[in-house]
Amino acid sequence: MIDIREGDLVAGLDGVKCEFAVANILADVIALLAAPLRRHLTPGATFVCSGILKEREEDVKAVLAQNGYTLFDRLQKGDWVALAAHAE
């Protein structure tokens, strides 16, 4: 079953857990979302983040690692990067 929800990670998602999350937004926002998103992810869940400029990729990778994500895939198109990680 697929249950799609919209929320801001601060209000409206209390108690919600998911197996897959996507954020297509700039690196600074992904860095801010990585920690609060973790409480909504089941163990092993996938987080796909894109909209990352190549020059900010390492910053996002570091934030993901610091917050318990393990990178498993990467795509690049021009100057834009997408990363896929599992929540541990």
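Residues are numbered from 1 along each chain as its sequence is written, and side-chain values use heavy atoms, with hydrogens and water left out. Because the model is predicted, local features need pLDDT of at least 70 and side-chain atom pairs count only at pLDDT 80 or more, while totals for chains, interfaces and linings use all residues.

The fold contains an open sheet of four strands in the order β1-β2-β4-β3, with mixed pairing. Helices (H or I, at least four residues) and strands (E, at least two) are DSSP runs numbered from the N terminus, and two strands pair if DSSP finds at least two bridges between them. From one strand to the next, the twist averages 15 degrees. In general, strands of a sheet pair through backbone hydrogen bonds, in either the parallel or the antiparallel sense.

Strand β1 (residues 18-24) pairs with β2 in the parallel sense over six bridges. Within this pairing, Ala-23 stands opposite Cys-49 of β2, and Phe-20 stands opposite Thr-46 of β2. Between β2 and strand β4 (residues 80-87) there are seven bridges, and these strands run antiparallel. Cys-49 has Leu-83 as its bridge partner in β4. Strands β3 and β4 are likewise antiparallel, paired over eight bridges, and Leu-75 has Ala-82 as its bridge partner in β4.

Two helices accompany the sheet. Helix α1 packs on the sheet and touches β1, β2, β3 and β4, with a direction that makes about 175 degrees with that of β2. Helix α2 (residues 57-66) lies across β2, β3 and β4 and runs at about 165 degrees to β2. For these angles, axes are lines fitted to C-alpha atoms, for helices over the stretch in contact, and values run from 0 to 180 degrees between N-to-C directions. Contact here means heavy atoms within 4.5 Å. The chain passes from β1 through α1 (residues 27-38) to β2 in a β-α-β crossover that is right-handed; that is, with the strands pointing away from the viewer, the path from the first strand over the helix to the second runs clockwise.

One aromatic pair is present in the structure. The pair is formed by Phe-47 and Tyr-69, with 5.6 Å from centre to centre and 45 degrees between the planes, and is tilted. Rings of Phe, Tyr and Trp (its six-membered ring) pair if their centres lie within 6.5 Å; planes under 30 degrees apart count as stacked, over 60 as edge-to-face and the rest as tilted. Distant parts of the chain are linked by this pair, since Phe-47 belongs to strand β2 (residues 41-53) and Tyr-69 to strand β3 (residues 69-77), 22 residues apart. Both Phe-47 and Tyr-69 are buried, a class that requires under 20% relative accessible area, whereas exposed means over 50% and partly exposed lies in between (1.4 Å probe, protein chains only). The charged end of Arg-38 sits over the ring of Tyr-69, 5.6 Å from its centre; the criterion is that NZ of Lys or CZ of Arg is within 6 Å of the ring centre and within 35 degrees of the ring normal.

Thr-46, in strand β2, is buried, with a relative accessible area of 15%. The contacts of Thr-46 include Glu-19, Phe-20 and Ala-21, as well as Phe-72, Ala-85 and His-86. Ile-25 is placed in the loop between β1 and α1 and counts as partly exposed because its relative accessibility is 36%. Ile-25 touches Ile-30, Ser-50, Gly-51 and Ile-52, while its C-alpha atom is separated by 23 Å from that of Pro-43, 18 residues apart along the chain.

In helix α1, Ala-27 counts as buried at 6% relative accessibility. Gly-51, Ile-52, Arg-56 and Val-60 are touched by Ala-27. The C-alpha atoms of Ala-27 and Leu-83 are separated by 11 Å, although these residues are 56 residues apart along the chain. Glu-57 lies in helix α2 and is buried, with a relative accessible area of 1%. Its contacts are with Ile-52, Arg-74, Val-81 and Leu-83.

Definitions and conventions:
Lists of a residue's contacts leave out its neighbours within four places in sequence.
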